[in-house]
Amino acid sequence: MDDPFDATGLATAAQQKEGLGDWGPLPFEEPLSVLAASYRSADLSDIGVHILRSGLVHSLRMRLRAQEWIRRHPEIAEEVIVAPIVVVGMMRSGTTLLQRLLAADNRFHCAYGWEVVEVAPRLDYDWSAGEDPRIAVSERREAISRELAPELFAIHPMYAREPEEEIVFLSDAFLSHVPESGAQVPSYREWIDGQDFAPAYAYLHRMLQFLQWQKRQRGVTAQRWVLKSPAHLGYLDTLRHQFPDLHVVHMHRDTSETIPSGASLNATLHAMHSDEVDRHRVGAQWLQRMGWTNDRAMVARSGWSDEFERCTDIEFSDAVADPIGQVARVYAAIGSTLTSDAESAMRRWLAQRPREPARPSYSTEDFGLSDSEIDQRFADYNSRFRAAATSRRN
């Protein structure tokens with residue numbers, strides 16, 4: 001293979017594997033080319049090249065396959081995504097807890113792990129054939145991840161049958177901050193900061209329509225979606241433009257805990273793709289990215305005249321101490337009722353949820369950071385959100 005990250009070669013490989021050629025209406029060529037070029041100049045190991053190239057080809061294959069389903073069933077494009085609840089917050093701020101509690105209510109749709117791994121079934125799939133074979137495929141991937149990448153699974157477990165975040169669909173549009181979390185890609189990192197993410201959010205919307213249609217084929221209907229990704233924080237205005245009737249659940253936690261945790265995940269991802277990892281550089285880049293992200297989130301929210309109707313702020317410690325009570329606040333904010341059936345389902349999930357393995361130990365200093373440096377960078381954020389949350393509890 002002469003150039004594993006040749007954009008034309010990547011597209012050709014996906015077309016050959018799927019036997020399809022229609023990419024659909026949404027643009028992706030430029031971000032794919034910029035990302036591929038940045039990977040080409042990254043210091044990747046052989047296994048890193050294989051993993052990242054395979055991921056790009058998989059994204060392209062899913063785009064082709066999804067487009068063919070939509071061509072065969074144009075009614076997919078008529079699916080309406082109504083008033084999604086979107087859980088945001090920095091990594092390790094409790095976003096997964098809130099998302100999965102809300103998703104326990106069968107009145108809400110969510111994207112399960114097996115659905116985001118392979119959003120489009122094979123074209124010969126029979127909807128009456130029983131359990132979707134993608135579930136077994138995803139469970140095998142989960143088992144392999146547990147065995148071959150236990151440190152990554154401990155930090156960021158992905159379960160086939162649990163609700164999962166939809167950042168995969170932004171990544172599949174090649175407009176996301178996923179690449180910089182796992183490789184040194186400065187040219188892509190710099191380029192992406194000036195890009196309009198509207199095509200990525202349009203692709204997310206399209207994939208939610210596709211998933212909602214698939215659920216309908218299985219006899220599953222719901223009133224609205226529960227979405228979740230820390231990645232949305234930097235793009236709240238773009239998110240709201242795509243989903244004008246959304247409600248944001250914004251999770252908050254001490255940044256001296258969330259920042260080193262995120263840096264730890266990124267360092268683990270870098271180590272999967274490169275033989276040498278500069279943990280201090282990873283820490284500095286993560287601090288910068290999260291500061292950038294939170295600054296943008298605060299500016300976006302300040303510009304919403306209906307901010308406090310559109311957003312529910314929840315402190316991590318409150319969510320851990322009283323998860324059902326905090327969820328009830330969300331229901332009140334969206335004008336809905338937390339039914340006894342929904343509450344029972346949530347309590348069952350709390351009792352039966354997967355018990356995550358112990359996380360690898362790390363310290364803030366491992367990443368060249370200090371608590372005082374983190375506190376200083378997020379002083380405005382802490383003053384605006386966490387001080388208010390503390391005063392509410394007192």
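The structure is a predicted model. Its sheet is open and consists of five strands in the order β2-β3-β1-β4-β5, with parallel pairing. Its largest nonpolar core has 90 residues, and a second, separate core has 22 residues.

**The sheet**

- The strand order is β2-β3-β1-β4-β5, and the sheet is open.
- The edges are formed by β2 (108–109) and β5, each of which pairs on one side only.
- Strand β1, residues 85–88, pairs with β4 in the parallel sense over four bridges. Within this pairing, I85 stands opposite H247 of β4.
- Strand β4, residues 247–252, also pairs with β5 in the parallel sense, here over five bridges. V249 has T312 in β5 as its bridge partner.
- Strand β5, residues 311–315, is mostly covered, as five of its five residues are buried.

**The nonpolar cores**

- In the largest nonpolar core, of 90 residues, F210 and I259 have the most contacts inside the core.
- Setting aside residues up to four places away in sequence, I259 touches M90, W286, L287, M290, L369, I374 and F378.
- The second core is separate and comprises 22 residues, among them L102, V226, V330 and M346.

**M346 and D105**

- M346 belongs to helix α18, residues 340–352. Its relative accessible area is 0%, so M346 counts as buried, the limit being under 20%.
- Beyond its neighbours within four places in sequence, M346 is in contact with L101, L102, A104, D105, I324, V327, Y331 and L338.
- M346 and L101 are 245 residues apart along the chain, yet their C-alpha atoms are separated by 5.4 Å.
- D105 is situated in the loop between α4 and β2. With 2% relative accessibility, D105 is classed as buried.
- Apart from neighbours within four places in sequence, the contacts of D105 are Y331, A342 and M346.
- D105 and A342 are 237 residues apart in sequence, whereas their C-alpha to C-alpha separation in space is 4.8 Å.

**Residues with positive phi**

- R92 is not a glycine, yet its phi is positive, at about 70 degrees. R92 lies in the loop between β1 and α4 (95–103).
- R92 counts as partly exposed because its relative accessibility is 33%, which falls between the limits of 20% and 50%.
- F174, likewise a residue other than glycine, has a positive phi near 65 degrees. F174 is placed in the loop between α8 (167–172) and α9 (178–182).
- F174 counts as buried because its relative accessibility is 1%.

- N266 is located in helix α13, residues 255–273. At 5% relative accessibility, N266 counts as buried.
- With neighbours within four places in sequence left aside, N266 is in contact with S181, V282 and W286.
- W286 is also among the residues that I259 touches.

**The second largest pocket**

- The second largest pocket has a volume of about 360 Å³. It is lined by 18 residues, of which H58, R65, E118, R122 and V137 are the closest to its centre.
- Helices α3 (46–72) and α6 (133–148) each supply at least two residues of this lining. The most is given by α3, with six residues.
- By class, the lining of the second largest pocket has nine charged, seven nonpolar and two polar residues.

Methods: Residues are numbered from 1 along each chain as its sequence is written. This is a predicted model: local features need pLDDT of at least 70, side-chain atom pairs count only at pLDDT 80 or more; totals for chains, interfaces and linings use all residues. Side-chain values use heavy atoms; hydrogens and water are left out. On a 1 Å grid over the protein atoms alone, a cavity is a set of points where a 1.4 Å probe fits but cannot get out, and a pocket is an open set with protein on both sides within 12 Å along at least five of seven lines; lining residues have an atom within 4 Å of a point. Grid points are joined across faces, edges and corners, and a volume is the space filled by probe spheres set on the points. Ala, Val, Leu, Ile, Met, Phe, Trp, Tyr, Cys and Pro count as nonpolar, Asp, Glu, Lys and Arg as charged, and the others, Gly among them, as polar. A nonpolar core is a set of buried Ala, Val, Leu, Ile, Met, Phe, Trp, Tyr and Cys residues joined through side-chain atoms within 4.5 Å. Buried means under 20% relative accessible area, exposed over 50%, partly exposed in between (1.4 Å probe, protein chains only). Contact means heavy atoms within 4.5 Å. Two strands pair if DSSP finds at least two bridges between them.
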